[in-house]
Amino acid sequence: MEPKLIAQAIAEALKERYPEEVKEIKEFRGQVSVLVKKERIREIMEYLHDTPELCFSHLRDICGVDYLGKKENRFEVVYQLFSISHRHMLRVRAEVPEDDPTLDSVAGIWDGGNWHERECYDMLGIRFNGHPDLRRILMPEDWEGYPLRKDYPMKSDLGDKEWKGLKKVFELSEKNKIYEMGDHAKER
Amino acid sequence: MPKSAEGLETKELTISMGPQHPATHGVLRLVLALDGETVVKCTPYVGYLHRGVEKLAEHMTYLNAIPLTDRLDYMSSMANNEGYCLAVERLFGIEAPERAKYIRTMVAEMSRISSHILWLGTHALDIGAMTVFLYSFREREWILDLFEMLCGARLTTTYVRIGGVRNDVSQEFLDSLYKFTDEFPGRIAEYETLIDQNRIWLKRTKRIGVIEADEAVNWGLTGPTLRGSGVPYDVRKYAPYDAYDKVEFDVPVGKNGDVYDRYRCRMEELRQSTRIIRQCIEKLPLGPIMAPEASKVSLPPKDNVLKDMESMIHHFVLITKGPIAAPEGEIYSAVEAPKGELGFYIVSDGTGRPYRMRVRSPSFVHASVIPRLCEGSLIADVIANIGTIDIVLGECDR
């Protein structure tokens, strides 16, 4: 069977099993994505992972998308699933509202989900309940704000409110100028 | 605290390895808690090379973002370019012409060879075999010279375009590459004579950093790092792109999932890549190198801009008015980069810029498995474990 049709069938089966949760099934360029509510995401993921006929053993990716002003629920967390034994793929998108940006972690199902969720938290500020170690990962620990949000500026316009770490680097470089070649030669 | 035989007190020692450490292959920092020479706890810290590629791409046109992908995994920029351009092509519904597909397959395999021999050299150097490093860099130089001949750049190539490639290959390039494929299998054998039977090498790699097949899949490992555990998952076979369905090659897999098996996998992949390149040169069809419908997103070849009216109009419109809107939708597209599965997830809102571009980089996932491999092992094996998962921090931190 064509991969598109298999994914369609899986999506339909998922809707039959969780009629309340599955909101929309979309197909674009042969890839099927399912939009679900966030409340029972862990249960849905466990079903997709554990059912032998589905066997989504390979979690390719988790990422967040910020639909500021475009959609009713501001964030979406996107899971790219793939089954190595059956060679089919499915994309699951979970809606996350702005006023409560939390959802259940899937790091207990796939170990690989751990860092993806940490990055999603770091970049978009979405919190994952039950995550073993939810800390910032790419940005410094004391960073303020979530860079991949659409209302986060591309270039810094923070002025005095600039990140402390960067100020420290500039101060240090100012201080270390006395060690530069030119001045050193003068001293001698 | 436990007391040793002489009544001296012992305690756990915490050391910070990196971010500046010759064996961490970039700026990776590991905080290790040691009990004697055994690693009790290992916490990796990444992000020192974070440049915000995903954020930058949101503010660029699809064409503009190609150079950003060079700087992800700077050992194999061709494979990154290819991965990104394929994702955009799938979004727009463009298909590259046959000749371009073969050329892309060829250059992607060249970058696989270049990446694997760099890995071999540095990995062996870390474990203590200096000589291989010098030999492997000799062949890497040849590949990089070929890249320079092809597109003028050695590392940050930006050669692949949306809907094709930047320029056609020359006969001189093909001849030199064909000669390379003649000689390279002999060179691989040469590397192997240096380390394959070496007792120190075997002691330091066999049964070190073992990860079982199920666990490796669960961690999301891909590429040779996964195949060393015996899982034959290879995007080139599972979802063939470009010309991979038209060439013959095998996917080598290991058995034990240790450092040695992953090393064997990569060595066999070098042979398979040589085989693919050879077939690509032999089968290379004639024809155009850019898809005609790609003129809406990619700049037309400069020669045509100077000679033909339509190309000039496309060029002018692309630069002044910006790109033609992409169809609304989302796409996830993966390629088999030298390090593993490199995926691009692009959300398009119907404008000429990606609304969201997510890079699923193999190195990021592989770095997350370091604690699993290192905890309980000796501190000397930490180096072997970092080497064997083949990470590059430019791609990990993006």
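## Reading the A–B interface and the helices of chain B

Guide: Let's start with polar pairs: the interface of chain B and chain A holds 26 residue pairs in polar contact, with both residues at pLDDT 80 or more. Keep in mind that this is a predicted model.

Visitor: Which element of chain B gives the largest share of the side that touches chain A?

Guide: Strand β6 of chain B, residues 329-337, which supplies 5 residues.

Visitor: How do I put a size on the interface?

Guide: The size of an interface is often given as the accessible area lost when the parts come together. Here, chain B and chain A bury about 4,000 Å² between them, and carbon and sulfur atoms give 57% of that. Three residues to look at are B:K55, B:E330 and B:Y355: they supply 17% of the area that chain B buries against chain A, more than any other three residues.

Visitor: And how many residues does each chain bring to the contact?

Guide: Chain B brings 48 and chain A brings 45.

Visitor: What about charged pairs across the interface?

Guide: Side chains of opposite charge can pair when their charged atoms come close. Across the interface of chain B and chain A there are 8 salt bridges.

Visitor: On to helix packing. At what angle do α3(B) and α4(B) pack?

Guide: Read the angle together with the axis distance. Helix α3 of chain B (residues 77-92) packs on α4(B) at about 140°, with the axes 8 Å apart. The two helices are therefore oblique to each other; the cut-off for roughly antiparallel is over 145 degrees.

Visitor: Which residues meet there?

Guide: From α3(B), it's B:M78, B:A79, B:E82, B:C85, B:L86 and B:E89; from α4(B), it's B:R104, B:T105, B:V107, B:A108 and B:S111. By class, that contact has 6 nonpolar, 2 polar and 3 charged residues.

Visitor: How do α4(B) and α16(B) cross?

Guide: Helix α4 of chain B (residues 98-127) and helix α16 of chain B (residues 379-388) have axes that come within 9 Å and cross at roughly 175°. That makes α4(B) roughly antiparallel to α16(B). The contact uses B:W119, B:H123, B:D126 and B:I127 of α4(B), against B:I383, B:A384, B:G387 and B:T388 of α16(B). The classes here are 4 nonpolar, 3 polar and 1 charged.

Key. Residues numbered from 1 in each chain as written. Chains lettered and ligands numbered in written order. Predicted model: local features only at pLDDT ≥ 70, side-chain atom pairs only at ≥ 80, totals over all residues. Heavy atoms only, no water. Contact = heavy atoms within 4.5 Å. Buried area = accessible area lost by both parts, 1.4 Å probe. Salt bridge = Lys/Arg side-chain N within 4 Å of Asp/Glu carboxyl O. Polar contact = N/O pair within 3.5 Å; in protein donor to acceptor, adjacent residues only side chain to side chain. Helix = DSSP H or I, 4+ residues; strand = E, 2+ residues; numbered from the N terminus. Axes fitted to C-alpha atoms, helices over the stretch in contact; angles between N-to-C directions. Parallel < 35°, antiparallel > 145°, perpendicular 65-115°, else oblique. Nonpolar A, V, L, I, M, F, W, Y, C, P; charged D, E, K, R; others polar.
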